[in-house]
Amino acid sequence: MNDDIRALSAEVARDPASLAFVPLSEALRVRGQLDAATKVALAGMEHHPNLADGHDLYARILADAGDVEGAADEWSIALALDPRHAGAHKGLGFANFRQGDLDAALEHLELALAADPTDQTIVQALQTVRQIAQQAAAHPAEVPERPAVFAGLEGADHGLLLVDPQGRVLAGGLRAQSGHDVAEEVAAYLAGVSQEAERTARLLELGEWRWIMAEGERGHLHLSAPSTSALLLLARDKSVPSGRLAILAARAAEVARRWLEAQTL
Amino acid sequence: MTTKFQAALDRVTRVRGVRGAMLVASEDGLVVAESLMEGVRGNAVAALAASLAKRFHRASETAACGVPEFLHLQASQGSLLATPAPSGMLLVVVAEADINVGLARLEMRKAGEAVA
């Protein structure tokens, strides 16, 4: 036990409410004495439950012990107590990186750097995550294998998506202009649209709903229901006129209908 | 303010085939002003229209199509049209199935500008 730890231990023993528990626990963590570090941290946090540094410290102990999820919870608490806590942002950057969420990791690391521009470890972490994010963007992850229902149709694998009413992808694919696969995410947003459209049409005595078209700043979406158990989404850039989109949608709906019928036979 | 909203809605309802129109708060789906035919549950329609618009907003942005400028629900006996209006509102129009959508859209845009 080095002198620092001895002095800090004495301080905490003399006054259990002392803030010396933070450097003491941290010193124990750095030495790999995680059980002792945990004991000191939890005892100190009983006296200082709203101390962001305490939660940040305990998060680092949990992370060292391999409990990244528990660590993320503690860092979130630290941020709730102190939204500009550099350590908590840095920690959540690490946790998100470990969980594969590069966007969130970058966001937290940038906030960490804004809170403490002198911390070179944050600068390095940010550079590393940025490089990996750039590589990931250049080589998008493999799209899950989906049935080639729309083979032969324009945009078969990147602009035609068949989803079930619960928002799960059945077939086709959807990619943003960057090439990023957004099928699952968009499918999730469309869950329940069918019921809402049906309810709206009923309340207004409009009869059965047939399709919905959304004309965006950069592109159009066309949604129809080729059967009661599926929704078909077409996405095209703005250069495709809405009338042509409707024709493409009708053609794709027919293909989807045949495929859905074949699945139930 | 109410007169301004009402005048904007009147402008839209003058288009042949339009059965009614309303201004809805996009965020919570509450009716701000309406000009609907009798018997229509404006509150319910407003909430559903705002919810549909919100879902498409998210889907459209995720698919890199940007913020939706016009939403068109086509049903067998009519249509529902919606476009964003200033101050976080949504202009919603209920119309016949065979309405001239281009004209309705034009008037909806002008009405939106009028309530700015």
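This is a predicted model: local features need pLDDT of at least 70, side-chain atom pairs count only at pLDDT 80 or more; totals for chains, interfaces and linings use all residues.
**Entry 1. Confidence**

I began with the scores. The model has an ipTM of 0.92 and a pTM of 0.61. For chain B I noted a mean pLDDT of 90, with 98% of its residues at 70 or more.

**Entry 2. Contact between the chains**

I looked up how chain B meets chain A. The contact involves 32 residues of chain B and 33 residues of chain A. On the side of chain B that touches chain A, the elements giving two or more residues are α2, β3 (68-75) and β4 (78-85) of chain B. Helix α2(B) supplies the largest share of that side, 12 residues. I then recorded the composition of the side of chain B that touches chain A: 19 nonpolar, 9 polar and 4 charged residues.

**Entry 3. Strand pairing across the chains**

I next examined the strands. Strand β3 of chain A (residues 209-216) runs antiparallel to β3(B), and 7 bridges join the two. Within this pairing I located Trp209(A), which stands opposite Ala75(B) in β3(B).

**Entry 4. Nonpolar cores**

I asked which residues have the most contacts inside the largest nonpolar core. This core has 82 residues, and the residues in question are Val186(A) and Leu233(A) from chain A, with Leu23(B), Ala49(B), Leu91(B), Val92(B) and Val93(B) from chain B. Its largest share, 9 residues, comes from helix α2 of chain B (residues 42-62). Apart from this core I found another one of 34 residues, including Val40(A), Tyr58(A), Ala59(A) and Val129(A).

I then followed Val186(A) in detail. Leaving aside residues up to four places away in sequence, Val186(A) touches Leu161(A), Leu174(A) and Leu233(A) in chain A, and Ala59(B), Thr62(B) and Ala63(B) in chain B.

**Entry 5. Ala187(A)**

I turned to Ala187(A), which belongs to helix α9 (residues 183-190) of chain A. Is Ala187(A) buried or exposed? Ala187(A) is buried, because 24 other C-beta atoms lie within 10 Å and the cut-off for a buried residue is 20 or more.

I listed the contacts of Ala187(A), again without residues up to four places away in sequence: Leu161(A), Val163(A), Gly167(A), Arg168(A) and Val169(A). Finally, I checked a pair separated in sequence: Ala187(A) and Leu233(A) are 46 residues apart along the chain, and their C-alpha atoms are separated by 8.8 Å.

Key. Residues are numbered from 1 along each chain as its sequence is written. Chains are lettered from A and ligands numbered from 1 in the order in which they are written. A nonpolar core is a set of buried Ala, Val, Leu, Ile, Met, Phe, Trp, Tyr and Cys residues joined through C-beta atoms within 7 Å. A residue is buried if 20 or more other C-beta atoms lie within 10 Å of its own, exposed if 12 or fewer, and partly exposed in between; C-beta atoms are placed from the backbone. Helices (H or I, at least four residues) and strands (E, at least two) are DSSP runs, numbered from the N terminus. Two residues are in contact if their C-beta atoms, placed from the backbone, lie within 7 Å. Ala, Val, Leu, Ile, Met, Phe, Trp, Tyr, Cys and Pro count as nonpolar, Asp, Glu, Lys and Arg as charged, and the others, Gly among them, as polar. Two strands pair if DSSP finds at least two bridges between them. pLDDT is the predictor's confidence in each residue, from 0 to 100.
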